[in-house]
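Reader: Hi! Could you walk me through this structure before I set anything up?
Author: Happy to, let's look at it together.

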Amino acid sequence: MRRPNLVVRTSRFVTRILFDGRRAVGVEYQAGSGRGGAVRTIGAGEVILAGGSINTPQLLQVSGIGAAAELEVLGIPVVEDLPGVGENLQDHLEVYVQYRSRQPVSMQPALQHWRKPWIGFQWLFLRRGPGTTNHFEAGGFVRSNDDVAWPNLQFHFLPLAIRYDGSSPPSGHGYQVHVGPMYSDARGSVKLRSPDPRTYPAIRFNYLSTGQDRREWVEAIRVARTILNQPAFEPFNGGELSPGPAVETDAQILDWVARDAETALHPSCTAKMGVGPDAVVDPATMGVHGLDGLRVVDASVFPSVTNANIYAPVMMVAEKAADLIAGNTPAPPDERPFYRHGAGMPLFEDPLTDFGPEAPAPEQPRAVEQS
């Protein structure tokens, strides 16, 4: 913060990117998000856009970068015709499969209001207690069917029964798994409804819109139930709370998912990297195709959503982009063995063993994956 060439301005609402011909030369902004603030501009030799998978495509379109026909309908002058802007939206959807616990071993008592001051005190001053963790300390990846090449379901286990909005079933002690498909082929979009950047765009995730997505959702619930009804859970299993025994057929499961599922907050892919006609960002530079002085560095550049949470991949994109922007020599490719179903490779890499072409893989894998 003490650098003489750095100025940080917060709570500024960027309204559009400024261009001189085909080169980005700055941004226009207002203080706050209200309509009454004075308009200001900042000149720049280069603009780096990191607005995320919703705001990035919105700001690009407001600034004249997107599908020309759509922009012209809204009266926005076209700077660059890139039909991929705002397309290819992907996300992870999840549900909670909740069970009652027969034993008083869950974290449910920590939800009682009278305990919260003490939990906060422990965390703030002693750095211990329930506030030191989000309690998602167990999880895994499995296949929902034999047709997929990679595990396509992700699980998180939580030692209490609660929703993200803080509501919990009146059942005393409980536990749950969060589950959802990782490789849905549903594709959505983020599109302008108005040339005014303060007007929220139309966001369409198109969840459950494909046969594959619907099939894998039915499988996800059945796999979750299979796991939670294993003998190891028998001492704790007090019966399913949600969706409940009445939800059994494929149609009932899909209806429940449509009503009860929530986003896992992994929106991505709306300004994808690549070289095809639907690509927006050049992977060699992170620059927007057809323009100079404008780069995008956030989850919107993913070509497809990753097979897990997106935080670490976003950090990887940022690290790589930082090297490209700074002109650093990239590190040479580092070939690493990885598990591929049916190829006889280990599930996890052994850092002490070379599994290159000259060395055979071990006879027994170091971990067993559940199909």
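Author: Let me start with the lining of the largest pocket: by class, there are 17 nonpolar, seven polar and five charged residues in it. Keep in mind that this is a predicted model.

Reader: Thanks! What volume does the largest pocket have?
Author: The volume of the largest pocket comes to about 900 Å³. There are 29 lining residues, and Arg-9, Val-14, Val-27, Ile-42 and Ile-48 are the closest to the centre.

Reader: Which strands and helix supply at least two residues each of that lining?
Author: Strand E1 (12-20), strand E2 (23-31) and strand E4 (47-49) each do, and so does helix H1.

Reader: Let's stay with H1 for a moment. Is H1 mostly covered or mostly uncovered?
Author: Mostly covered, as nine of the 11 residues of H1 are buried. Among them are Ile-54, Leu-59, Leu-60 and Val-62, along with Ser-53, Thr-56 and Gln-58.

Reader: And what does H1 lie across?
Author: H1, residues 52-62, lies across strands E12 and E13, and runs at about 50° to E12. After H1 comes Gly-64, which has a positive phi, near 95°.

Reader: Good to know. What order do the strands have in the sheet with E12 and E13?
Author: The order is E7-E12-E13, in an open sheet of three strands with antiparallel pairing. Strand E7 (87-89) and strand E13 (202-204) each have a single partner strand, so they stand at the edges and one side of each has no neighbour in the sheet. On average, neighbouring strands of this sheet are turned by 35° against each other, direction ignored.

Reader: How many bridges are there between E12 and E13?
Author: Three bridges, with E12 covering residues 188-191 and pairing with E13 in the antiparallel sense. Lys-191 stands opposite Ala-202 of E13.

Reader: Switching topic: how many cavities of 30 Å³ or more turn up in the whole structure?
Author: The search finds one. The largest cavity has a volume of about 100 Å³. Of its 13 lining residues, Asp-91, Leu-93, Ser-184, Tyr-207 and Asp-213 are the closest to the centre.

Reader: And how does the lining of the largest cavity divide by class?
Author: Into eight nonpolar, three polar and two charged residues.

Reader: I also noticed Gln-98. Where is Gln-98 found?
Author: Gln-98 is in strand E8, residues 93-101.

Reader: Why does Gln-98 count as buried?
Author: Because the relative accessibility of Gln-98 is 6%, and the cut-off for buried is under 20%.

Reader: What is Gln-98 in contact with, leaving aside neighbours within four places in sequence?
Author: The contacts of Gln-98 include Ala-161, Ile-162 and Arg-163, then Pro-169, Tyr-175 and Gln-176, and also Glu-240, Leu-241 and Ser-242.

Reader: One last topic. In what sense do E9 and E10 pair, parallel or antiparallel?
Author: Antiparallel, over five bridges between strand E9 (residues 138-142) and strand E10 (residues 153-158). Phe-141 has Gln-154 in E10 as its bridge partner.

Reader: How many bridges link E10 and E11?
Author: Six, with E10 and strand E11 (residues 174-181) pairing in the antiparallel sense. There, Phe-155 has Val-179 in E11 as its bridge partner.

Key:
Residues are numbered from 1 along each chain as its sequence is written. This is a predicted model: local features need pLDDT of at least 70, side-chain atom pairs count only at pLDDT 80 or more; totals for chains, interfaces and linings use all residues. Side-chain values use heavy atoms; hydrogens and water are left out. Two strands pair if DSSP finds at least two bridges between them. Helices (H or I, at least four residues) and strands (E, at least two) are DSSP runs, numbered from the N terminus. Axes are lines fitted to C-alpha atoms, for helices over the stretch in contact, and angles run from 0 to 180 degrees between N-to-C directions. Contact means heavy atoms within 4.5 Å. On a 1 Å grid over the protein atoms alone, a cavity is a set of points where a 1.4 Å probe fits but cannot get out, and a pocket is an open set with protein on both sides within 12 Å along at least five of seven lines; lining residues have an atom within 4 Å of a point. Grid points are joined across faces, edges and corners, and a volume is the space filled by probe spheres set on the points. Ala, Val, Leu, Ile, Met, Phe, Trp, Tyr, Cys and Pro count as nonpolar, Asp, Glu, Lys and Arg as charged, and the others, Gly among them, as polar. Buried means under 20% relative accessible area, exposed over 50%, partly exposed in between (1.4 Å probe, protein chains only).
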